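Here's a friendly walk through one protein model. Have a look at the fold before reading on.

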Amino acid sequence: MHVTGWVLVILVIIGCWNVLHVMLVYQRTPEPSMKISTKDLNLTMEKTKVNLSTPYWIGVRFSGRLGNQMFQTASCYGIAAARKTYCCLYDYEGSMLSEYVDMLSPVAKCPATSAVMQSEGKRYQDFVPLFLDQVEYNTVVGDYLQSWLYLPSTLPFMLKHREWAAEWVKTQGINTGIHVRRGDMGENFPASYFSKAISHLNELEPTTSLSFVVVSDDTAWVRAQPVFTGMTVSEGHSPGQDIAILAACHHIIISVGTFGWWAAYLRSSPGRVIHYIARWEYERPESLNLTAHYPPGWIGFMYEPGDPCQRCQRY
């Protein structure tokens, strides 16, 4: 056989081998999951073949009530913006979020795929910078994400009842909202905190005549406390209406929890924010991070369990 013929035969054999090699690579079984532990959080990563032409998404599965769902959604959008990708939601339809807020763009539903990095652990009021790092995996981020540092520059939603609430507050002649969370946190919550917070607000605003509305999950307790005598108490409203009422106020005093936090953060008129600090609220007191949870300018009062607020103090 002529030399040229042998060269052609060899080239054909090499080409067939390359095709067979590519087929074997893309049909192999994905590698098993591997667990990675870090100081801040644990991640479970499933290494599977991913279509690199599709951007990796950031997803959230809802837990908790309205305030938590607002944190989870806004943080998802903020983390997605940092990673230059998009946010998707697993449980949006029928959620409290869908009932009480207006999304500013269509909600993406998370695709069904096994190529997911799942964050574990509850950090509550803390910030984990690792979440903002760009990764080559789809990611479902944690439960609470209660830090303003995760949030995008423009929030992805607005309160449904904002216009109704603005008119309601104007008609009532109210400029200051108070949120009193009782429920699962009421036993250790002192009425004296509100006395001190109101006194301090009066010191900060000596030329303003303060008029109050109180929003609470225990209005009977509110009406029994002398500190709230003569104040308007919101009753017969939905959670969406109550949070909008608080957000429509110029100043706000909040207790604990994400409901009051979001009412303060969404205020249309930026006045004073005074908040309560309870160390027993946190699941992991050693990771308490006040500056990550409360935005700059908010004024905090500390209270230790068993202390009748004698040592309440601003930080």
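## Ground rules

This is a predicted model, where local features need pLDDT of at least 70 and side-chain atom pairs count only at pLDDT 80 or more, while totals for chains, interfaces and linings use all residues. Residues are numbered from 1 along each chain as its sequence is written, and side-chain values use heavy atoms, with hydrogens and water left out.

Let's start with strand 10, which spans residues 212-216. Helices (H or I, at least four residues) and strands (E, at least two) are DSSP runs, numbered from the N terminus. Strand 10 is mostly covered, with five of its five residues buried; buried means under 20% relative accessible area, exposed means over 50%, and partly exposed is in between (1.4 Å probe, protein chains only). Both of its faces are covered: F212, V214 and S216 are buried on one side, and V213 and V215 are buried on the other.

Who sits alongside? Strand 9 (residues 176-180) pairs with strand 10 in the parallel sense, over five bridges. Two strands pair if DSSP finds at least two bridges between them. T176 has F212 of strand 10 as its bridge partner. Strand 11 (residues 232-233) also runs parallel to strand 10, and that pairing has two bridges. Here V213 stands opposite T232 of strand 11. To get from strand 10 to strand 11, the chain goes through helix 6 (residues 219-224), in a right-handed β-α-β crossover. Right-handed here means that, with the strands pointing away from the viewer, the path from the first strand over the helix to the second runs clockwise.

## A hidden serine

Next stop is S75, in helix 2 (residues 66-82). Is S75 buried or exposed? With a relative accessible area of 0%, S75 is buried.

Leaving out residues up to four places away in sequence, S75 touches L145, S147, Y150 and L151, where contact means heavy atoms within 4.5 Å.

## Salt bridges

How many salt bridges are there? The count comes to five, taking a salt bridge as a side-chain nitrogen of Lys or Arg within 4 Å of a carboxyl oxygen of Asp or Glu. One of them joins D102 and R162, whose closest N and O atoms are 3.3 Å apart. This pair links distant parts of the chain, 60 residues apart: D102 is in strand 5 (residues 101-103) and R162 in helix 4 (residues 162-172). D102 is partly exposed at 26% relative accessibility, and R162 is partly exposed at 31%. There's a network here too, linking D102, K160 and R162.

Another salt bridge brings together R182 and D218, at 3.6 Å from N to O. R182 is buried, with a relative accessible area of 12%, whereas D218 is partly exposed at 25%. E205 and R272 also meet in a salt bridge, at 2.8 Å from N to O. That pair spans 67 residues, with E205 in the loop between helix 5 and strand 10 and R272 in the loop between helix 8 (258-265) and strand 13 (273-278).
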